[in-house]
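Here is a short briefing on one protein chain. Have the coordinates open while reading.

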Amino acid sequence: MALLEVNDLQVNYGLIRAVKGVSFKVEQGEIVALIGANGAGKTTIMHAINGIIPKAGGNVVFDGNDITATPAHKLVGMGLAQVPEGRRIFGELSVFDNLKLGYYCKNDAKHFNEKLEEMYTHFPILKERSRQIAGTLSGGEQQMLAMSRALMSDPKLLLLDEPSMGLSPLYVSNVFEIIKQVNKLGTTVLLVEQNAKMALSIANHAYVLEIGNISASGTGAELLGNESIQKAYLGG
C-alpha cells in the first residue's frame with residue numbers, strides 16, 4: 001500500500017473547478033514531484049491534501065487512513081507535515097522558538113533535544129542563530145528554518161511547496177541537497193516546485209499538471225529526457 005493515495009481529487013474555487021479529478025500515489029521512501037506552470041493547481045492540491053481547503057470530490061488516503069475530512073491541525077500528529085509556500089515562519093519569535101513550536105504535538109522532552117540537535121546538524125547556521133529573531137534571517141535561512149520546523153514533528157511524509165522560491169542559486173542547490181539528505185534518512189517527500197529541472201533531478205516519480213489535470217507522469221529521469229517536457233518546462 002502506498003503511503004499517500006490521492007484518488008480523483010477535485011477542488012473548486014467558487015464556480016471554477018481548479019483541480020479536475022487528479023489521482024496519484026506516493027510510495028514509502030520516495031521523492032515525488034508535482035511540476036507545472038503557475039495556475040496549474042499544484043499548491044491547491046497540496047492544500048487539499050493537508051486539509052487547508054475543502055475538497056469538492058475524491059478522497060485522500062494517508063498511511064492506510066482516509067484523511068479526506070480530517071482537519072489540518074490533526075494531520076501533524078498522524079505524521080504529515082507541510083512546509084508552505086512563502087515559508088510562513090513566526091517572524092517575531094526566535095529560531096529556537098520556531099523549532100520548539102514544530103514539536104508541539106510531541107511530549108518527550110528528551111526526544112525534543114535529540115530532534116533539535118538533529119536539525120542543527122542538518123542546518124548548522126540555525127544553531128548559530130538559535131536566539132536570533134527569525135524574521136531577520138535571510139530568505140535561504142528562513143527556508144531552512146521552515147523545513148526544520150516541519151521535520152521537528154518526525155513526519156512520515158513531508159509536503160514541500162515551492163522550497164526554492166525567491167532563493168539565490170546557491171541556496172537553491174543547498175535546499176535540494178538537504179531534501180535528498182532528509183529523504184535518505186527515511187522521510188518520504190512530496191514536492192511542488194516550479195524549478196522543474198531541479199525537482200525532476202531528485203524525484204523518483206513526477207507528475208506534470210496542466211490546468212487542474214495530470215498531463216504526463218513518469219520517473220524523474222524519464223521526464224527530464226522527454227522532449228516535450230524539455231520545451232515546455234526546462235527551457236529546451
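Gln10 has Lys20 in E2 as its bridge partner. This pair belongs to a predicted model. The points below start with the strands and the sheet, then turn to the helices and the nonpolar cores.

**Strand pairing**
- Strand E1 covers residues 4-13 and pairs with E2 in the antiparallel sense. Eight bridges link E1 and E2.
- E1 also pairs with E4, again in the antiparallel sense, over five bridges.
- E4 and E5 run antiparallel and are joined by two bridges. Val61 has Asp66 in E5 as its bridge partner.
- In general, strands of a sheet pair through backbone hydrogen bonds.

**Sheet layout**
- Four strands make up an open sheet, and the order is E2-E1-E4-E5. The pairing is antiparallel.
- The edges are strand E2 (16-26) and strand E5 (65-66). Each has a single partner strand, so one side of each is left without a neighbour in the sheet.
- E4 and E5 form a hairpin, with two residues between them. In the turn, Asp63 has a positive phi of about 50°.

**Helix on the sheet**
- Helix H1 (residues 42-49) lies across E1, E2 and strand E4 (57-62). H1 runs at about 110° to E1.

**Helix pair H6 and H7**
- Helix H6 spans residues 139-151 and helix H7 spans residues 169-184. Their axes come within 10 Å and cross at roughly 15°.
- That angle is under 35 degrees, so H6 is roughly parallel to H7.
- The crossing of H6 past H7 is right-handed.
- From H6, the residues that meet H7 are Gly140, Glu141, Gln143, Met144, Met147 and Leu151. From H7, they are Tyr171, Asn174, Val175, Ile178, Ile179 and Val182.

**Nonpolar cores**
- The largest nonpolar core has 45 residues. Those with the most contacts inside this core are Leu145, Met147, Leu160, Ile179 and Leu191.
- Another core, of 28 residues, lies apart from the largest one. Its members include Leu3, Leu34, Ile53 and Ile67.
- Which residues does Leu191 touch, not counting those up to four places away in sequence? They are Val32, Ala33, Leu34, Leu160, Pro163, Phe176, Ile179, Ala199 and Ile202.
- Met147 and Ile179 are among the residues with the most contacts in the largest core, and both are also among the residues where H6 and H7 meet.

Key. Residues are numbered from 1 along each chain as its sequence is written. This is a predicted model: local features need pLDDT of at least 70, side-chain atom pairs count only at pLDDT 80 or more; totals for chains, interfaces and linings use all residues. Side-chain values use heavy atoms; hydrogens and water are left out. A nonpolar core is a set of buried Ala, Val, Leu, Ile, Met, Phe, Trp, Tyr and Cys residues joined through side-chain atoms within 4.5 Å. Buried means under 20% relative accessible area, exposed over 50%, partly exposed in between (1.4 Å probe, protein chains only). Contact means heavy atoms within 4.5 Å. Two strands pair if DSSP finds at least two bridges between them. Axes are lines fitted to C-alpha atoms, for helices over the stretch in contact, and angles run from 0 to 180 degrees between N-to-C directions. Angles under 35 degrees count as roughly parallel, over 145 as roughly antiparallel, 65 to 115 as roughly perpendicular and the rest as oblique. A crossing is left-handed if the near helix is turned anticlockwise from the far one by less than a right angle, and right-handed if clockwise.
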